[in-house]
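Hello! Please have the coordinates open as you read.

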Amino acid sequence: MLPEIPESWRPLLSEELDKPYFKELQRFLAAEQKSHTIYPPEEDIFSALRFTPYEKVNVLLLGQDPYPGKDNAHGLSFSVQPGIKPPPSLVNIYKELQTDIKGFRIPNNGYLEPWARQGVLMLNAVLTLRAGEPNSHKGKGWEIFTDAIIRRVNEKKSTVVFVLWGNYAKKKTKLIDKP
């Protein structure tokens with residue numbers, strides 16, 4: 001079973017939860033959980049929405065799917081649990097930030113919850129996967145759900161910066177008003 005959608009997002013996403021694709025996604029995940037280890041852990045699936053309420057979203061950082069290794073994925077794209085070495089994709093993000101922002105210092109960890117609490121919605125297009133199997137939950141319904149999230153963020157009256165990291169994420173440009 002999936003955890004409850006965080007309160008600030010519920011009115012924006014409630015209609016998605018009743019759609020056939022979402023019901024099928026829930027059935028798929030229940031079956032997967034019986035026979036496989038799924039990442040992130042169930043309680044962390046909606047961490048991006050929990051740590052970044054809708055009204056606080058200033059940046060949407062989009063990735064593809066969670067990291068497939070133990071103790072890596074915790075519901076924030078590109079972030080890893082405390083004590084885990086930053087993966088190459090996050091190291092590249094840090095290098096870009098260091099190049100683009102004068103005075104930016106690369107952190108000694110890859111735990112990005114503080115960014116989320118400051119308004120960076122770190123969303124993956126697919127929110128779960130089987131341990132050790134990247135893209136294993138691709139095409140099961142998550143993309144429809146996360147596209148709805150992207151559209152809702154795009155509808156905000158305030159300015160939001162969209163960072164589409166990687167070729168897969170860049171395909172979501174069509175969901176975003178470019179100005």
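1. Let me begin with the surface. The accessible surface of the protein comes to about 9500 Å², and carbon and sulfur atoms account for 52% of that. Accessible areas come from the Shrake-Rupley method with a 1.4 Å probe, and for residues only the protein chains shown count as cover.

2. A word on provenance. This is a predicted model, in which local features need pLDDT of at least 70 and side-chain atom pairs count only at pLDDT 80 or more, while totals for chains, interfaces and linings use all residues. Residues are numbered from 1 along each chain as its sequence is written, and side-chain values use heavy atoms, with hydrogens and water left out.

3. Overall build. The protein has seven helices and five strands, where helices (H or I, at least four residues) and strands (E, at least two) are DSSP runs numbered from the N terminus. Along the sequence, the pattern reads α-α-β-α-β-α-α-β-β-α-β-α. The radius of gyration is 16 Å, close to the 16 Å that the globule rule gives for 179 residues, so the protein is as compact as a globular protein of that length. That radius is taken over C-alpha atoms, and the rule is 2.2 Å times the number of residues to the power 0.38. The C-alpha trace spans about 50 × 40 × 30 Å along its principal axes.

4. Buried residues make up 48% of the 179 residues; buried means under 20% relative accessible area, exposed over 50%, and partly exposed in between (1.4 Å probe, protein chains only). Of the contacts (heavy atoms within 4.5 Å) between residues at least 6 apart in sequence, 72% join residues at least 24 apart.

5. The sheet. Three strands make an open sheet with parallel pairing, in the order β3-β2-β5. Two strands pair if DSSP finds at least two bridges between them. Since β3 (120-124) and β5 (161-164) stand at the edges with a single partner strand each, one side of each is left without a neighbour in the sheet. From one strand to the next, the twist averages 15 degrees. Axes here are lines fitted to C-alpha atoms, for helices over the stretch in contact, and angles run from 0 to 180 degrees between N-to-C directions.

6. Strand β2 and its partners. Five bridges pair β2 (residues 59-63) with β3 in the parallel sense, and four bridges join β2 to β5, again parallel. Val 59 has Val 120 as its bridge partner in β3 and stands opposite Val 161 in β5. Four of the five residues of β2 are buried, so this strand is largely enclosed by the rest of the structure.

7. The core. Which residues touch the most other members of the largest nonpolar core? Of its 47 residues, they are Trp 9, Leu 121, Trp 142, Phe 145 and Val 153. Such a core is a set of buried Ala, Val, Leu, Ile, Met, Phe, Trp, Tyr and Cys residues joined through side-chain atoms within 4.5 Å. Helix α6 gives the most to this core, with six residues.

8. Leu 121 belongs to strand β3 and is buried, with a relative accessible area of 0%. Leu 60 stands opposite Leu 121. Beyond neighbours within four places in sequence, the contacts of Leu 121 include Trp 9, Ala 48, Ile 149 and Val 153.

9. Backbone details to look at. A cis peptide bond joins Tyr 39 and Pro 40, with omega about -10 degrees; Pro 40 sits in the loop between β1 (38-39) and α3. Ala 73, in the loop between β2 and α4, contacts both Tyr 39 and Pro 40, among others, and counts as buried at 7% relative accessibility.

10. Positive phi. Phe 78, a residue other than glycine, has a positive phi near 70 degrees; Phe 78 lies in the loop between β2 and α4 and is buried at 10% relative accessible area. Asn 135 has a positive phi near 65 degrees and is found in the loop between β4 (129-130) and α6, where Asn 135 counts as partly exposed at 36% relative accessibility.
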